[in-house]
Amino acid sequence: MSHLPELRYPSVTEIVSSAWALAAHRPDLCVLRQVGASRAGRPLHLLSVGHARRAVLVVAGAHANEPTGGSTLLSLAERVLRQRELRRDTSWHFLLCADPDGAILHVTPAPRTLLDYHLGFFRPAGPEQPEWSPSVLPPDRLPPETRALTGVIDELRPYLQVTLHGTDLGGSWVQLTKDIPGLAEPFAKSAAELHIPVETAASDAAGWPASGPGVHVMPAPGSDTAYPSMPDDARHSTWYHAHRYGGLTAVVEVPMWASDLVDDPAPHPAPAAAMRRLAHRLRTDAFQVEAVLGRALPRLSGPDGPLLRAAKWALDLVPGLAADWSQAPPVDTTMAYVGSVDAFGRRIPLRAASMLLRVLQEVDDREAPRLEQLVAGWSDAFAERFRARWVPLENQVEHQARTVMAAARHARDTAA
């Protein structure tokens, strides 16, 4: 039997309902329990399959705007139940959604275009993201979602934590807190079979060593970062919490829309000049959103809600990031890297504008139509520039699931 919703991204309620059905179907192997609650009181559920002491933890929903992980998690749970060898010496544990509050606010379960995706967009400010908050907040101010996640890691002591992420437009890549020898080959094979490009120089992993195309290993704590202005450092995130028990974390990224422009290893003819142009466009685009915010802000009463906080936080990143891009030599000079930075630079103001638009539409502010035109134009330009093509949901899920299983297998063999 299958509990995997098809053709669209399932809601948190549907994911939990599917997990309950799996647990009821195989109570001898499955346990579904609550391991915490969100800031708004929504439960955080953990589905465990198998009884072995050696553990793999899979986390979905850490970023509300990256919806593929929920479907992948359910697919993985079904595979583990069907295939006895997967649980022979390993128990599998699935955190169904790390940020249920955020998932409620991101409201595009079946986007047809990038504009559809952005009209329902939500991604919390950095301090409110469960995996990232330890990199920007002191321990006594961490949100309950973060405390629940680290509590699960403390309990399970997984040899591997896999967190399921995604990108709106681009390619697939993996970030590792320690290398997993042998992972690059099955990752690349899966991507090729499913017609998903490998993002060979993702800006998220700028300057990191690679153990294979699209497989990036995080630098050791204390080393320099490519973008020093960014407030959140992956090396202080929950991804490193598994290290205290000898484990590691793999972050598996998969695109909703693919672009074949992000895997071009050819040298860029003028990378430094291109980075300066991208920095200039980033500042210019952000200024347009800030101008709308400045005009509308006097009419917005009451404390900032999560959408407005997130929009402001994104805009606050722009000056430092633009300086990083324009003042230092590029950490990578390939076409793929410049393309990835181009996409990154388009996302920040577009996301800020999208979330601000939702705030203004709620109060029927007169700036909303002008901002909606901006969001529509930027979404269309993003898709056109990168020749966006939709990746079928089943391919997104299959590639992410294959990569998780390959990471578990190779990490286990390395640990042994």
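1. In the second largest pocket, helix H1 gives the largest share of the lining, four residues, where helices (H or I, at least four residues) and strands (E, at least two) are DSSP runs numbered from the N terminus. A pocket is an open set of points on a 1 Å grid over the protein atoms alone, where a 1.4 Å probe fits, with protein on both sides within 12 Å along at least five of seven lines, and lining residues have an atom within 4 Å of a point.

2. Please keep in mind that this is a predicted model, in which local features need pLDDT of at least 70 and side-chain atom pairs count only at pLDDT 80 or more, while totals for chains, interfaces and linings use all residues. Residues are numbered from 1 along each chain as its sequence is written, and side-chain values use heavy atoms, with hydrogens and water left out.

3. The largest pocket is lined by 42 residues, and Trp-132, Asp-204, Met-230, Asp-232 and Phe-344 are those nearest its centre. Helix H9 supplies the largest share of this lining, six residues.

4. The axes of H7 (residues 271–296) and H9 (residues 335–362) come within 9 Å and cross at roughly 5°, which makes H7 roughly parallel to H9, a label for angles under 35 degrees. Axes here are lines fitted to C-alpha atoms, for helices over the stretch in contact, and angles run from 0 to 180 degrees between N-to-C directions.

Methods: Angles under 35 degrees count as roughly parallel, over 145 as roughly antiparallel, 65 to 115 as roughly perpendicular and the rest as oblique.
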